[in-house]
Amino acid sequence: MPRKTMVAAVLLACLSPPTFAQAVPTPDSDPAPDDRHATELERITVLGRRQGLVGTAISASEGSVSADDLARRPLLRTGDLIEFVPGLVATQHSGSGKANQYFLRGFNLDHGTDFATWVDGMPVNLRTHAHGQGYTDLNFLIPELVQTLTYRKGPYHADVGDFSAAGSASFELFDKLDQGLLEVGAGENGWGRTVFADSFGAGAGDLLIGAELQRDDGPWTDIHEDVNKRNLVLRYSRDAGNGVFRVTAMDYRNMWNSPDQIPQRAVDQGLIDALGSLDTTVGGESSRHSLSGSWDGNAFGGQLRVSAYAIGYKLSLWSDFTYFLDHPDTGDQFEQHDNRHVYGYNAVQEWSDDLGKWQFGAEGRRDDIAAIGLYHTQHRVRLSTIRMDSVVEDSIGMFVARETHWTDRFRSYLGLRWDLYDFDVDSLQPENAGHVGDSLVSAKASLAFRAADTLDLYASWGQGLHSNDARGTTTRVDPVSGDPVKPVDPLVRSTGREFGARWQPDKKLHATFALWDLKLDSELLFVGDAGNTEASRRSKRRGAELGIYGFPNERIAVDAELSWTKSEFSDSAPQGNRIPGAIPFVANLGVRANFDGGWYLGGRLRHFAAYPLVEDGSHESAGTTVVNLRVGKDWKRFGLALDVLNLLDSDDHDIDYWYASRLPGEPAAGVEDTHFHPMAPRSLRLTARWSL
């Protein structure tokens, strides 16, 4: 079919009302190299995790995942991509259009706090967000366009600043595709998805186009999620000077209804079933559009990468967690509204010498938040304003790092970082307005010893930081009760250590092991759901992690990732010292296999153990186990894939909380209870894929 005819057919398919399904297709073989990238800033790219990082990494808990790894793993949600970071759990307590709930190294990361995420140099974490500090919504990503995911756990790298305590991850997108693709499919519960992606020669460069549409009603008994997600990506790349220039435009829009967490007693009393809702009018609308550009190559006697971005973002989110506790007549539904523009830049210069390399970097960012509000609502209609602010938050970060190879077996890493923040808050309540600034210097250090040609040993130490919500730094009066409150510290220190090993005896086995600990200073966080601040005590976490990646032959890959964590508050208090939401054990087991005749299989088991819901440990979650499976067959230019999500039809919970809520007829003080979001029952999704 002629190219123009094919493009027209694809656009018509994308614009028609679809019921489509997901696949993650990438060829089994490594993509052909692109000569233009020979001048890029030096990066470590691991294909299929077959190549270890012995001799190059500075810690045991860093790694890279290629498109070959990302292919053929069944995904329930786009946010599940982040689970390629070993030990990280992505769940959901609300509608699928909302950012996931994340857990890592004993942290309940909420929707992204203490884990920094980027896409092509653009920060994903949103500071001073209406729903939660560091809000990380990955729904604007099209998984088929992700070329590499690089992750680093712990605060050991100087180029990472805010939200770096637990770690960081960076997604890089393709510049061009070896083959275009069109995927169309259908699944149970009205779920559907279509994806078109292709690249074309354009002048002296390449134009990449990606489009995604998704629909989903979900398995819920009394609410249709009615997800309507649209994504568009346009990228132009070309040689420029001694490097590569890229400019990328992205547009994301989504609308959905939310099956929020529900109280266990409502199910026990027969008011609803486990897939039911007590408020069927909650949900959300979100949009994100961005324009970014970058250049990387040889400059000033070394390697340089510079980038800049502009992001427009909106969210209106309606939630109801306590029902009739605070407002017996109208209910407790509330709306969180966020309307902002984000601008920023990054620049990193590297110089190499006989002993190693120097790295210098600078970054700047402005969050211009025109409106960030919290409203009491009923059926999505605003009844009153709880809090309304506009915020301008600026930050500058600078760092220097030195990696030295002292001998063939001994190398070191030293880094120093300085961050400066400025908060300017204009509030509907004048007493909560103000202007605050703060800065922090962070040091990093790592030693690596190559004990054998196949074994590296590591010792890492680093300081990280966490910015608090700008509104919390100027708040002096609780917007609900009117009581006086103390403003929070703008920046909070974290300090981590790690001892680890990386072993790769041959190309068929790669293993990592790490012992780590992390301490956080007293942390005061702004609680977006309440419009006020809530204090947290000093905390400490320690744990062990083991990752084993096996490749018995060219057709089979298996992996096991195990994480143990002990988390507790550092001080003693009558209510106890356990940290709610701190998962003590996470296990991920995976297999991928290719068979004769184009058949393939990908399977994944994820388990996380019971975790405390309150400080004294008197209430715990039950733990969760889920198995997902993909089976498919490829022909020359056509493929079919069947995803079986929640293969064992587990009725475990995605997430659990313990707090007070009030149902009609209950005491005014409410009833403390477990509130949970159920895992979606087993579902099937079938995808057809054409290579263009």
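T113 is buried, with a relative accessible area of 9%. Buried here means under 20% relative accessible area, exposed means over 50%, and partly exposed is in between, with a 1.4 Å probe and protein chains only. This is a predicted model, where local features need pLDDT of at least 70 and side-chain atom pairs count only at pLDDT 80 or more, while totals for chains, interfaces and linings use all residues. Residues are numbered from 1 along each chain as its sequence is written, and side-chain values use heavy atoms, with hydrogens and water left out.

Back to T113. This residue sits in the loop between strand 4 (107-108) and strand 5 (115-119). Strands are DSSP runs of E, at least two residues, and helices are runs of H or I, at least four residues, numbered from the N terminus. What does T113 touch, not counting residues up to four places away in sequence? The list is Q133, G134, F163 and H466, where contact means heavy atoms within 4.5 Å. With Q133 there is also a polar contact: the side chain of T113 reaches the backbone oxygen of Q133 at 2.4 Å. A polar contact is a pair of N or O atoms within 3.5 Å; within protein, one must be able to donate a hydrogen and the other to accept it, and residues adjacent in sequence count only if both atoms are side-chain atoms.

Next, the cores. In soluble globular proteins, nonpolar side chains tend to be buried together. A nonpolar core is a set of buried Ala, Val, Leu, Ile, Met, Phe, Trp, Tyr and Cys residues joined through side-chain atoms within 4.5 Å. The largest one here has 58 residues, and I82, F115, L141 and F171 touch the most other members. Strand 16 (residues 302-319) gives the largest share of this core, five residues. Apart from it lies another core, of 15 residues, including F334 and Y657. As for L141, its contacts beyond four places in sequence are T78, L81, V119, V146, F171, L173, E212 and N231.

Now charge. How many salt bridges does the structure hold? There are 46, each a side-chain nitrogen of Lys or Arg within 4 Å of a carboxyl oxygen of Asp or Glu. One joins R340 to D338, with the closest N and O atoms 2.8 Å apart, and both residues are buried. These two also belong to a network of salt bridges that links R127, D338, R340, R365, D367 and E393. Another salt bridge joins D419 and R417, at 2.8 Å from N to O. D419 is buried at a relative accessible area of 3%, and R417 is buried at 1%.

A further salt bridge is formed by E561 and R604, with their closest N and O atoms 3.4 Å apart. E561 is in strand 28 (residues 556-569) and R604 is in strand 30 (residues 599-608), so this pair ties together parts that are 43 residues apart in sequence. Both E561 and R604 are buried.

Strand 30 pairs with strand 31 (residues 624-634) in the antiparallel sense over 10 bridges; two strands pair if DSSP finds at least two bridges between them. Across this pairing, F608 stands opposite T624 in strand 31. Strand 31 also pairs with strand 32 (residues 638-645), again antiparallel, over six bridges. Here R630 stands opposite D643 in strand 32, and a hairpin of three residues joins strand 31 to strand 32.
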